[in-house]
Number of protein chains: 4
Amino acid sequence: MMRAARLHAYAEPLVIERVPRPEPDQGQVVVKVEGAGFCHSDLHIIDGDLKLDLILPLTLGHENAGVVAEVGHGVRAVKPGDPVAVYGGWGCGYCDMCITGTEQMCSKPNWVGLSDYDGGYAEYLLVPHARYLVPLKELEPKVAAPFTDAALTPYRAIKRALPALTPDRPVLVIGAGGLGQFGIKLLRLMTASPIIVVDVNEEKLQIAREYGAHYALDGRDPEVAAQVKDIGSGSGVGAAFDFVGADSTLELAFATTRPGGKVTQIGLAGGHADLKLFTNLPFEVMFEGTLWGSIKELREVIALADSGRLTPIELEFESLDRINAVYENLKAGKIAGRAVITP
Amino acid sequence: MMRAARLHAYAEPLVIERVPRPEPDQGQVVVKVEGAGFCHSDLHIIDGDLKLDLILPLTLGHENAGVVAEVGHGVRAVKPGDPVAVYGGWGCGYCDMCITGTEQMCSKPNWVGLSDYDGGYAEYLLVPHARYLVPLKELEPKVAAPFTDAALTPYRAIKRALPALTPDRPVLVIGAGGLGQFGIKLLRLMTASPIIVVDVNEEKLQIAREYGAHYALDGRDPEVAAQVKDIGSGSGVGAAFDFVGADSTLELAFATTRPGGKVTQIGLAGGHADLKLFTNLPFEVMFEGTLWGSIKELREVIALADSGRLTPIELEFESLDRINAVYENLKAGKIAGRAVITP
Amino acid sequence: MMRAARLHAYAEPLVIERVPRPEPDQGQVVVKVEGAGFCHSDLHIIDGDLKLDLILPLTLGHENAGVVAEVGHGVRAVKPGDPVAVYGGWGCGYCDMCITGTEQMCSKPNWVGLSDYDGGYAEYLLVPHARYLVPLKELEPKVAAPFTDAALTPYRAIKRALPALTPDRPVLVIGAGGLGQFGIKLLRLMTASPIIVVDVNEEKLQIAREYGAHYALDGRDPEVAAQVKDIGSGSGVGAAFDFVGADSTLELAFATTRPGGKVTQIGLAGGHADLKLFTNLPFEVMFEGTLWGSIKELREVIALADSGRLTPIELEFESLDRINAVYENLKAGKIAGRAVITP
Amino acid sequence: MMRAARLHAYAEPLVIERVPRPEPDQGQVVVKVEGAGFCHSDLHIIDGDLKLDLILPLTLGHENAGVVAEVGHGVRAVKPGDPVAVYGGWGCGYCDMCITGTEQMCSKPNWVGLSDYDGGYAEYLLVPHARYLVPLKELEPKVAAPFTDAALTPYRAIKRALPALTPDRPVLVIGAGGLGQFGIKLLRLMTASPIIVVDVNEEKLQIAREYGAHYALDGRDPEVAAQVKDIGSGSGVGAAFDFVGADSTLELAFATTRPGGKVTQIGLAGGHADLKLFTNLPFEVMFEGTLWGSIKELREVIALADSGRLTPIELEFESLDRINAVYENLKAGKIAGRAVITP
């Protein structure tokens with residue numbers, strides 16, 4: 001048996017209880033969880049805002065890392081004792097999305113902690129295939145955990161926008177929460193574009209500056225769109241990343257992106273992009289919402305993190321017992337970087 | 001002097017009158033117009049729906065071809081007597097868009113017949129640089145004219161969507177008017193994807209079938225979105241091209257495009273795309289509105305047309321005197337393919 | 001037990017003998033082979049020219065299709081009785097190449113019939129994972145078999161060269177054997193480029209013309225390179241595909257490809273590309289040797305074939321007993337299209 | 001009149017003499033030269049090794065910057081007194097290469113100082129079109145000059161290789177001369193890949209380390225290829241840039257690049273790449289020789305330099321009178337970074 005924090009009913013606290021410890025079938029791996037990041041989307045899931053049709057009760061937790069505890073028959077890529085980060089966008093392994101390496105886009109997703117599979121808010125985690133594990137050399141698992149989503153998601157968004165990220169055009173980051181902070185760090189590593197960050201919280205703007213933003217602007221200023229366009233020589237930025245995803249932030253993104261640029265929505269605040277050509281949709285601006293990242297992309301992120309080229313954002317470690325307090329703190333906007341549960 | 005059909009006031013008939021015949025300055029070329037396609041966007045311009053801040057009076061006509069009449073000092077690429085198609089997306093030649101070969105996206109556009117420069121509804125046309133001329137070998141200029149917009153615009157839209165156009169996924173064409181008809185022909189030439197066409201007009205669906213559509217569906221059928229998805233194995237098409245651009249057609253495009261696919265808006269019927277992730281914007285669907293085409297792309301289109309690989313859509317030739325009747329016929333939906341003015 | 005044609009020693013005939021019939025372990029599938037294409041590379045393997053360090057005896061045959069005979073525990077994607085094409089570029093499922101959907105490039109390849117795994121010159125074939133099977137709707141398995149290599153390989157080569165394949169530039173196909181013939185058909189389906197084919201065999205040039213080549217040139221003509229360049233307006237083709245891969249054919253490819261174009265080597269005749277900038281390597285010509293295809297690409301090829309859009313090349317069906325005669329015929333250049341073994 | 005250093009005969013010193021000062025025709029600009037970088041390729045040109053069919057006498061110098069002295073009729077983009085960097089890859093403005101923004105690849109090139117047009121080893125320089133001028137805000141022209149080739153050339157090479165430059169794979173730079181040094185700086189700015197530099201000169205390896213190389217290896221070590229592969233986890237680097245271009249350096253590049261990676265040749269030391277599949281050409285390794293850069297790419301490089309994000313390599317300023325001494329020093333390997341003539 002083991003302890004786990006489980007969702008029994010939407011909009012109620014997670015229940016910490018004893019459940020059977022998983023055992024690996026052929027090809028599977030059981031990981032002792034050392035860190036499970038508490039993601040902003042967990043708020044929406046617990047509250048029932050983001051309808052994912054989960055079968056309750058369910059152990060949440062999709063940002064996981066730990067140490068291999070036990071491997072099933074035929075597993076050769078890892079062995080007990082190996083520290084690993086856990087890729088969470090599990091798929092069917094057969095559909096067109098899976099077969100081309102974008103399992104998070106699977107047409108029948110089995111995401112960890114967000115499907116029939118339990119997540120990492122527990123002492124042990126069943127991983128259905130060794131390909132979901134990325135070995136760690138230097139990084140402590142509890143530090144590695146948030147890289148599997150909070151770093152991986154902006155990494156994919158940036159990588160897909162690289163053709164629009166030339167050094168002669170600024171890039172816009174809207175929202176400097178956990179994902180936005182990794183976004184700023186990654187833009188510094190992967191591109192030579194000047195970085196403009198917009199947030200409504202002065203503390204987060206300060207973090208943005210520390211992480212390398214060239215401009216940090218207050219989103220409450222009614223002139224903020226004009227300021228962004230001015231920095232972009234009047235015609236705007238090459239690409240905008242909306243880590244919030246509200247009506248107003250999407251509007252800001254389209255108002256400040258130059259023709260031929262790209263707007264990427266990452267945040268899931270429930271906003272609408274209401275777009276009309278010749279009015280507020282500049283010609284040949286590409287718009288998309290990106291989704292998490294691929295296994296290969298997680299390997300790339302872990303390569304950066306494990307070598308020290310990509311450093312963590314500010315982490316707060318909390319025991320499994322404190323998980324409902326973490327929920328409250330995150331909801332109250334009291335967590336500057338990322339909270340990590342250490343079961 | 002020469003005759004020209006000019007817009008003096010919005011929502012009024014064009015005035016056919018005598019104006020000075022243009023003369024070429026250094027580097028410029030004067031073309032005797034043999035064909036000037038009457039484009040659907042001319043309707044919106046004449047009616048004043050599409051605000052382009054034109055200085056009136058202005059000679060409209062942006063789909064032109066003819067014979068070189070006179071060349072300015074230093075012009076070597078063409079000589080009098082050469083039959084040519086005229087690229088219309090003239091730019092400043094200096095901004096980032098122009099300098100990378102996408103002049104139609106110029107930050108200070110000088111589009112023919114849509115800026116300070118007069119267009120082709122006249123006997124002669126001043127072309128400010130020889131790079132805008134594409135020599136014709138076999139094609140008659142009056143037949144070539146519509147290729148410069150009605151074929152060029154879908155060509156660019158398709159070319160930019162090629163990565164989403166795999167043979168195992170259908171492609172959706174919404175609207176089988178002039179541009180849509182060229183779109184169907186080009187999709188047959190450039191891709192191996194099964195083509196689904198949706199229109200509300202049975203005559204146009206019949207043309208779509210003749211031009212190679214694998215499926216032609218009635219857009220008035222309330223089940224049309226479900227039918228499109230079914231043809232796409234339940235998950236939808238790889239790419240959708242909206243040649244209408246109304247609220248309802250954009251809605252259809254997003255409802256039927258699979259995650260990871262692409263939606264391109266070409267039509268300018270004034271519709272809104274009202275998009276919300278997890279609701280009606282599938283993940284990693286790219287959306288953009290493409291704009292006309294580049295000079296190189298026109299060379300590619302003319303290469304196809306001049307060699308007979310891309311045949312014209314149905315053309316109706318009309319004298320300059322009949323231009324206001326053409327306006328009425330197009331507005332009344334009485335032109336199946338394209339009307340071409342032969343001044 | 002079952003019958004199989006096995007390689008016991010290089011440069012000796014295959015031995016037709018009785019071996020145990022395979023049984024599927026968890027996740028595996030056994031396919032009753034209905035067709036196994038006899039590939040030109042089998043010649044090189046049997047002769048020992050292409051050193052692959054095989055452990056003999058081995059059942060060759062890497063172009064397979066048949067009917068599912070038996071499935072292991074946990075297999076849901078196919079069931080006994082399903083007609084399937086078999087993807088042959090099996091990999092480890094874990095390395096960067098496999099995890100991004102290019103299993104044929106696996107760093108530790110397990111290619112069917114070319115590794116520890118036996119191939120399809122036998123009554124039954126063990127397939128280690130259901131993701132390697134592509135269901136067939138209309139196509140007979142014995143007709144489908146050659147599509148898994150002879151069509152898949154040019155398909156990938158063409159797909160990777162698409163940006164160089166514009167309609168205003170011809171494309172060059174060197175060698176109109178089995179793969180080259182599929183290459184011509186696929187170029188007609190997937191691109192609008194004029195196709196030039198060069199071969200030294202008049203019969204194959206005739207087939208090339210039937211399959212849609214716009215120009216079919218005799219490779220023995222000393223002026224052939226100049227002829228190709230002339231068709232390409234003096235500056236050459238946008239892309240060249242060398243389906244032979246000899247010194248002379250590679251030389252022809254580089255001599256006729258324009259700056260900024262692409263040369264792809266598919267054939268494995270053992271040639272060298274001896275390249276020097278400013279001499280025989282035009283600036284920004286990309287050169288690569290492509291390898292087979294991915295699972296997704298096979299799905300795309302089968303989608304084309306199963307719907308009748310891509311028709312087979314000329315096939316000759318032969319019993320397993322006749323396999324050594326097929327070897328002799330292929331070596332003697334007596335097979336115009338593809339021989340398929342029907343065990 | 002003005003002073004200029006001109007090539008009268010191959011393999012002889014340049015002659016410093018008085019020639020007419022150029023005057024701008026319509027659309028042209030005359031620039032007062034403040035810096036003209038002395039490029040390694042000038043050695044090959046003066047010596048007559050690199051056959052470019054120049055009409056002598058000719059003023060060399062293709063890495064130029066200065067101040068606008070005079071503008072011809074119709075020039076609006078710049079005015080006298082403006083500090084500017086001069087793009088040197090002048091083209092015809094009409095061919096497919098020019099019209100798509102890659103003028104340096106023009107089919108009838110008019111490169112500055114390497115064609116009918118004189119170069120910058122003179123007090124004044126005639127520039128045939130204002131689009132070749134990139135305004136400078138902060139950078140002194142004499143410091144800006146080397147960016148127009150020594151930085152632009154590696155910039156384009158890197159940009160074209162970006163898809164192969166993932167953070168989990170090292171990148172190889174062969175040769176840490178002027179272009180290689182800028183290559184290292186640019187790789188640090190534009191990518192997150194670990195950088196391996198190989199050179200035979202310890203002083204240059206030291207510079208490489210200072211500019212951010214993660215590994216600096218002695219090319220004379222017979223184990224250097226194995227060392228590079230080891231750093232790349234045994235399978236090699238994602239991309240290799242050969243800034244030398246000798247037989248041995250090209251061999252090193254192909255020996256250390258993993259399947260699916262890219263080899264780019266920039267250096268023109270006259271080497272051969274002798275490539276054979278299954279022997280020394282790994283599958284799906286792309287090979288190309290890149291050429292200088294485009295106007296847009298120079299704007300991007302100047303944006304980096306002008307803002308201080310890309311700093312110069314070590315510069316030695318020399319008067320026009322000293323130009324033949326500079327030739328001798330460069331030939332003797334005595335110039336660590338770049339010599340710039342200040343006429």
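How much area is buried between chain D and chain A, and what percentage do carbon and sulfur atoms give? About 1300 Å² is buried there, with 56% coming from carbon and sulfur atoms; buried area is the accessible area (1.4 Å probe) that two parts lose on being put together, summed over both. This is a predicted model, where local features need pLDDT of at least 70, side-chain atom pairs count only at pLDDT 80 or more, and totals for chains, interfaces and linings use all residues. Residues are numbered from 1 along each chain as its sequence is written, chains are lettered from A in the order in which they are written, and side-chain values use heavy atoms, leaving out hydrogens and water.

**Where chains D and A meet**
- Chain D and chain A each bring 19 residues to the contact (heavy atoms within 4.5 Å).
- On the chain D side, Pro167(D), Asp168(D) and Arg309(D) lose the most area to chain A, together 36% of what that side buries.

**Salt bridges**
- Two salt bridges link chain D and chain A (a side-chain nitrogen of Lys or Arg within 4 Å of a carboxyl oxygen of Asp or Glu).
- Lys296(D) pairs with Asp168(A) in a salt bridge, with the closest N and O atoms 3.1 Å apart.
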